[in-house]
Amino acid sequence: MNIPLSSPDITHSEIQVLVDVLKSARLSLGPRLQEFEEKLAAYIGAKYAVAVNSGTSGLHLAIKSLGIGHEDAVITTPFSFIASANCMLYEKALPVFVDIDPKTFNIDPEKVRDYLAENCSRDPKTGLPVDKRTGRFIRAILPVHVFGLPCAMKDILEIAGEYNLYVIEDACESIGAEYHGKKVGIIGDIGVFAFYPNKQITTGEGGMILTNNENIALLCKSLRNQGRDNYGGWLAHERLGYNYRMSDINCALGSSQLDRIGEILEKREKVAARYNRQLKDLVAIPGTFRGLKRSWFVYVVCLPDNCSMETRDAVLAELTKKGIGCNNYFPPIHLQPFYRKELHYREGDFSITEKVSRRTIALPFHNNLKKDEIQYVADSLRELLQGSGSKVKGLDLAAAVAPGCI
Ligand SMILES: *Cc1c(COP(=O)(O)O)cnc(C)c1O
């Protein structure tokens, strides 16, 4: 068998929609842009939505539109995709990493509190927290709803209120997820979604910025479009901008995918539930938490407690040999070569992230994964971990069944 790690789900009618756009001669800044933005804003319950050409572009404009720059820093998680920390560096702001909650894999609000109380003083003029070591103003918290599970937003908003910080939600993995009945992406000041082909809905490449603040929305619209103001002419550039536009072709695909999002999220939930049933006695499966509705992005399990990185890699190599797409989600951001070299992070800096990262693997996951494919993946993993001729040694399975990792 050959089972990819992820696979987009594009219907015939969606292909037809794309053909219609191609015949329309309005390939960019046309009607499909506005349609997709309005539809997504309505789905999330946000006043404004600004489409951009990737989730990363969206995060960059979120940072830029809040005026966060070279004197500033933003609190975020090291257990994420690299874009959630790179977006600050584009503006010469620094990420301040805070370790995660080992049960949810999301940023731990208690540790955010500890960092602000112990490592920051208050600037007498602005009242903002200032990192005692770097002298930088802390301007925002950027929580990531990792693997589609909402962060502890009540605590995060409370802390942000106390210290006068913005909240930027990296909701790139979590479209449709709910925090106590409220959709993620519009709980903070700005939220960003992404539509790369492995996300819940795709536009090929693309992203969307959500906000209830008109000024932020207008600024983001200008920045994505070469700094044009929203009323001036094509060759009037108010500010330094970018070409971060999403074409009408991509918007039309996104819009049609969004029409099916209920069905898509349901399909993903069913695939995850089937995996859970097959694997719950073998590895730690993703947990459920009261008041949180996960939007299934990837299916990530935790190998047993005493798993080393070598063992994890051996499991991945053996699964790959059997034609099963898999990967270690996520390698910690602070241990990426660029972050080690330029920002001087090393092993041990964020021990929970590192411990979780050593043990987590993503298994094949997409809308149309079949029963027998799930069975094959589960059987292969079982054979590897428990089989008598197993090539993967030294795992203590007793520690493996609690939801969450540690
Ligand atoms: C996918 C993703 C992004 C954005 O990725 P793009 O490829 O730029 O669309 C940002 N943050 C997280 C956590 C993601 O998973």
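## Ligand shell

The shell around the ligand is made up of six nonpolar, five polar and three charged residues (Ala, Val, Leu, Ile, Met, Phe, Trp, Tyr, Cys and Pro count as nonpolar, Asp, Glu, Lys and Arg as charged, and the others, Gly among them, as polar). The model is predicted: local features need pLDDT of at least 70 and side-chain atom pairs pLDDT 80 or more, while totals for chains, interfaces and linings use all residues. Residues are numbered from 1 along each chain as its sequence is written, and side-chain values use heavy atoms, with hydrogens and water left out.

In total, 14 residues surround the ligand, the closest being Gly 55, Thr 56, Asp 170, Glu 173 and Lys 199; a residue counts if one of its heavy atoms lies within 4 Å of the molecule. Helix α3 (residues 55-65) contributes the most to this shell, with three residues. Helices (H or I, at least four residues) and strands (E, at least two) are DSSP runs, numbered from the N terminus.

## Ligand contacts and cover

An oxygen atom of the ligand lies 2.8 Å from a backbone N or O atom of Gly 55. The side chain of Thr 56 places an N or O atom 2.4 Å from an oxygen atom of the ligand. For Asp 170, a side-chain N or O atom is 2.8 Å from a nitrogen atom of the ligand. On its own the ligand has 380 Å² of accessible area, and the protein covers 92% of this (Shrake-Rupley method, 1.4 Å probe).

## Salt bridges

The whole structure holds 22 salt bridges, each a side-chain nitrogen of Lys or Arg within 4 Å of a carboxyl oxygen of Asp or Glu. One of them joins Glu 158 and Arg 113, whose closest N and O atoms are 3.2 Å apart. Glu 158 lies in helix α6 (residues 153-163) and Arg 113 in helix α5 (residues 109-119), so the pair ties together parts 45 residues apart in sequence.

## Backbone exceptions

Most residues other than glycine have a negative phi, and most peptide bonds are trans. Asn 164, not a glycine, has a positive phi of about 60 degrees; Asn 164 is in the loop between α6 and β7 (166-170). The peptide bond from Tyr 329 to Phe 330 is cis, with omega near -20 degrees. Phe 330 belongs to the loop between α10 (309-321) and α11 (337-343).

Key
A polar contact is a pair of N or O atoms within 3.5 Å; within protein, one must be able to donate a hydrogen and the other to accept it, and residues adjacent in sequence count only if both atoms are side-chain atoms.
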